[in-house]
Amino acid sequence: MPIRSLTFSPDSQLLATASDDGHIKIYEVQHANLGATISAHKSWVLSLDFSPDNKHFVSSSSDKTVKIWDSAMRQCVHTFTEHTDQVWQVTYNEPGSKIVSVSDDKSLIIYDCPV
């Protein structure tokens, strides 16, 4: 399955990958182990980013959603549904208080991080 995006956690202990099958894979870098496979989105996962505090990561998808995940529990803790087309990129600001996404719907949305 093609990998669309990948990112290291701020402490470089985890590597997250995003794939066309809707899954996010979390690798434990030190031991080169696959730590988890998450059924994350209904369609391609296009972008990933870890929060600066390492507690969460965010994903975006061609299913038009942006999701925030708990890094330890590997569960979705919030879903944004404002976009009307696929969401190509998502990232945190440096303090981790905002998330920004861009979409084929020609919008850029800045969210207050709810967690």
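**Note on aromatic pairs and one buried threonine**

1. The count of aromatic pairs comes to 3, where rings of Phe, Tyr and Trp (its six-membered ring) pair if their centres lie within 6.5 Å, and planes under 30 degrees apart count as stacked, over 60 as edge-to-face and the rest as tilted. Phe50 and Phe57 have ring centres 5.5 Å apart and planes at 55°, so this pair is tilted.

2. This is a predicted model, in which local features need pLDDT of at least 70, side-chain atom pairs count only at pLDDT 80 or more, and totals for chains, interfaces and linings use all residues. Residues are numbered from 1 along each chain as its sequence is written, and side-chain values use heavy atoms, with hydrogens and water left out.

3. Phe57 is buried, with a relative accessible area of 1% (buried means under 20% relative accessible area, exposed over 50%, partly exposed in between; 1.4 Å probe, protein chains only). The rings of Phe57 and Trp69 have centres 6.1 Å apart and planes at 10°, so they are stacked. This pair links distant parts of the chain, 12 residues apart: Phe57 is in strand S6 (residues 56–61) and Trp69 in strand S7 (residues 66–70). Strands (E, at least two residues) and helices (H or I, at least four) are DSSP runs, numbered from the N terminus.

4. Trp69 is buried as well, and Phe50 is buried at 5% relative accessible area. Phe50, Phe57 and Trp69 form one aromatic cluster.

5. Thr17, in strand S2 (residues 14–19), is buried, with a relative accessible area of 3%. Leaving out residues up to four places away in sequence, Thr17 touches residues including Ile3, His23, Tyr27 and Leu48 (contact means heavy atoms within 4.5 Å).
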